[in-house]
Amino acid sequence: MKEKTIKTIKGISIAVMILMAAVTVLDLYFWTEKWQNVNWVDEYIGWQKSTIICYIASTLMLTAAVLYFIINIMKGLKKGIIFNRVNTLVIYAGAVIFFFYSFMQTTIEDVFKGVYVWSINTNMLICPLMIIIIGLLHKLAVEASEENNLTI
């Protein structure tokens, strides 16, 4: 049963990595297209460019965090470690990155229209807090598995 679950985790992880790579490449292509169609307003052009660049950067950072998380899972499974201590920090970092990503995502449509507005919503606060809760649960799982390994 355990071996089947590990194979499933590996298979899904590989599928996620492939999909994320494809989506990231497509996103970068579409960003070059979107950049050309922005309603540039001379008064806000600096804000528009910096917001778009921050959005692209936060998207790439979030993708990198997820990929790093999956790579750590794969490395851990090779060593027989299911819960990797490093991934707890990756989860916390992902929560912070997701907050900035969400903030930029809620604003980006106004940037394209040339409207100077910073937008916020409750999801940009609730989702990172949920990710932090998952990180805390992961931390407990790491501690339990390490304690279990010491007992054996």
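T63 sits in helix α2. This is a predicted model. With a relative accessible area of 13%, T63 is buried, because buried means under 20%. Apart from neighbours within four places in sequence, T63 is in contact with M20 and T24.

**Helix α2**

Helix α2 covers residues 45–79, which makes 35 residues. How far apart are its end C-alpha atoms? They are 51 Å apart. At 1.5 Å a residue, the helix should span 51 Å, so the two values agree. After α2 comes G80. The phi of G80 is positive, near 85°.

**The nonpolar core**

The largest nonpolar core has 16 residues. Which of them touch the most other members? They are W31, I52, Y55, I108, V111 and F112. Helices α2 and α3 each supply at least two residues of this core. Helix α3 spans 85–113. The largest share, seven residues, comes from α3.

Setting aside neighbours within four places in sequence, F112 is in contact with W31, K34, V38, N39 and I52. Among these partners, W31 and I52 are also on the list of core residues that touch the most other members.

**The salt bridge**

How many salt bridges does the model contain? The count comes to one. In this salt bridge the side chains of R85 and E146 meet, at 2.5 Å from N to O. Are the two partners buried or partly exposed? R85 is partly exposed, with a relative accessible area of 43%. E146 is partly exposed as well, with a relative accessible area of 32%.

L137 is found in helix α4, which runs over residues 123–151. Is L137 buried or exposed? L137 is exposed, because its relative accessible area of 53% is over 50%.

**Exposure at a glance**

| Residue | Relative accessible area | Class |
|---|---|---|
| T63 | 13% | buried |
| E146 | 32% | partly exposed |
| R85 | 43% | partly exposed |
| L137 | 53% | exposed |

Notes. Residues numbered from 1 in each chain as written. Predicted model: local features only at pLDDT ≥ 70, side-chain atom pairs only at ≥ 80, totals over all residues. Heavy atoms only, no water. Helix = DSSP H or I, 4+ residues; strand = E, 2+ residues; numbered from the N terminus. Expected span 1.5 Å × (residues − 1). Core = buried A, V, L, I, M, F, W, Y, C linked by side-chain atoms within 4.5 Å. Buried < 20%, exposed > 50% of the residue type's maximum accessible area, 1.4 Å probe, protein only. Contact = heavy atoms within 4.5 Å. Salt bridge = Lys/Arg side-chain N within 4 Å of Asp/Glu carboxyl O.
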